[in-house]
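Please look through the model below with a few local features in mind.

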Amino acid sequence: MEPQSEPLTGYSLSNRKIDPARRRPTKPDGSPDDNDRIEIGPTAMAFEAWEKARLEAPDLEVMRQNRLDRLVSEIRRHDYAGLLCFDPLNIRYATDSTNMQLWVTHNPCRACFVSADGYMILWDYGTCVHLSAHLPLIRETRPGGASFFYFTSGQHVVEHANAFAGQMEDILAEHGGGNKRLAIDRIEPEGLMALHRRGIETFQGQEVTELARSIKGPDEIKALRCATWSCEMAMHKMRAETRPGMTENDLWAILHAENIRHGGEWIETRILASGPRTNPWFQECGPRIMQEGDMVAFDTDLIGVYGMCCDISRSWICGDVEPTDEQKRIYTHAHNQVMNNIALLKPGVSFREFRETADLGPQEFHKQAYSVLAHGVGLCDEWPSLPYPDNTTRSGYDGVFEAGMVICVESYCGAVGGREGVKLEQQVVITEDGIDDMTSFPYEESLILG
């Protein structure tokens, strides 16, 4: 990027030119093979593991362009002048840039604008414009300017919001062609009011981002497969090291550590439980010491390499003991439910049809059933969300499964008053012919009744 002289704008503009003679050695994903590079990404350990597994790394330039194209297509379909994002995962999808992702989630200091012609502007925290210098699809980077929340602005919130709205008015005048219809994923209330005072119409931007993100391009699928493989390597280590006497936190720490060692980023939850803490579900891991014969259940909810979400659930027995008949029974019900519902997935099936024909599991588990039968996944849990039929009037909607969607199919089986429960979840990609399993981690054969 070539910075403009400070008196003009203070912004950085991309020249989008790459001299082939200056190309440096690259890694399998096309990123620079430079030990001192700024951008984050997979480690050598991850690349070696993928090569052994015969997995192909994504072409990051192609993946980034495909994502931008999908956003632009949705922006144009709705006749918006552009899309303004404050959600760090939508910023990641549009730009592939990262900066303190979790901190920014609750401190909205970064923003991204994408116009209907694909012109992209990134506002970054403080003086962090250097963090996206390797991303030529970002045409401008603007330091600061997107912060108008109370922690940073105090009594100047309205003033700072007005200043940002003024920038947006100028941007729409330059790139909107007279169109002042702006989609926004989320924004501080003072910012929204400031935009309205300038005559800018605002619309629901999450519809744009969720629908764009719902279909994965070939290189996104490659990135997800690589991330999932690294996640499953951590799960294998968890399985091998599960033993009586260790705490739930000890076991969960393995998943965290291995994710970071491979170049992954964070974990969204801490849902791992053992023994009686597996029922009811959603108890977070803690200092409980696991006992021999305990059911151990967890949901990875892991943001791995390339920012890709690996959402896999497994349950197994702690210690080298024979599972009880009750453990086998509830595990078999959960396994059957996941397998039966995966079999329903194919292009053209409506969400309503899926819910109406889905295996809901035995009645005894319904009161404590998981919140959804299935959901999309990409950079996080994504559209669609498919609740149980009895929840449809409150939180359900219709749509159609399409090739390129990545779907997680879920089950939790635990009876009210029961000692334990079982959580299972499988991640699959919908293809033109049906589904392709993205999850290879095995189920517990000793727990499945014949």
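The paragraphs that follow take these topics one by one.

The model is predicted. Strand β7 covers residues 181-184 and strand β8 covers residues 201-204; the two run parallel and are joined by four bridges. Within this pairing, L182 stands opposite T202 of β8. What do β7, helix α7 and β8 make together? With α7 at residues 189-197, they make a β-α-β unit, and this unit is right-handed. In a regular strand, side chains alternate between the two faces of the sheet.

Rolling a probe the size of a water molecule over the atoms shows where empty space is left. How many cavities of 30 Å³ or more are there? The count comes to one. The volume of the largest cavity is about 40 Å³. Its lining consists of A227, S230, C231, N259, H262, G264, L302, G304 and V305. Helix α9, residues 218-241, supplies three residues, the largest share of the lining of this cavity. By residue class, the lining of the largest cavity has four nonpolar residues, five polar ones and no charged ones. Glycine counts as polar in this division, and the lining includes G264 and G304.

Most residues other than glycine have a negative phi, and most peptide bonds are trans. The peptide bond from N279 to P280 is cis, its omega being near 0°. P280 sits in the loop that lies between β10 (272-274) and β11 (295-299). The bond from W383 to P384 is also cis, with omega near 5°. P384, by contrast, lies in a strand, β16, which spans residues 381-386.

Phi is the remaining topic. R54 is not a glycine, yet its phi is positive, about 60°. This residue belongs to the loop between α1 (44-52) and α2 (60-77). Is R54 buried or exposed? R54 counts as exposed because its relative accessibility is 80%, and the cut-off for exposed is over 50%. D79 likewise has a positive phi of about 60° without being a glycine. D79 is found in the loop between α2 and β3, the latter at 82-85. Its relative accessibility is 48%, so D79 counts as partly exposed; that class lies between the under 20% of buried residues and the over 50% of exposed ones.

Definitions and conventions: Residues are numbered from 1 along each chain as its sequence is written. This is a predicted model: local features need pLDDT of at least 70, side-chain atom pairs count only at pLDDT 80 or more; totals for chains, interfaces and linings use all residues. Side-chain values use heavy atoms; hydrogens and water are left out. Two strands pair if DSSP finds at least two bridges between them. A crossover is right-handed if, with the strands pointing away from the viewer, the path from the first strand over the helix to the second runs clockwise. On a 1 Å grid over the protein atoms alone, a cavity is a set of points where a 1.4 Å probe fits but cannot get out, and a pocket is an open set with protein on both sides within 12 Å along at least five of seven lines; lining residues have an atom within 4 Å of a point. Grid points are joined across faces, edges and corners, and a volume is the space filled by probe spheres set on the points. Buried means under 20% relative accessible area, exposed over 50%, partly exposed in between (1.4 Å probe, protein chains only).
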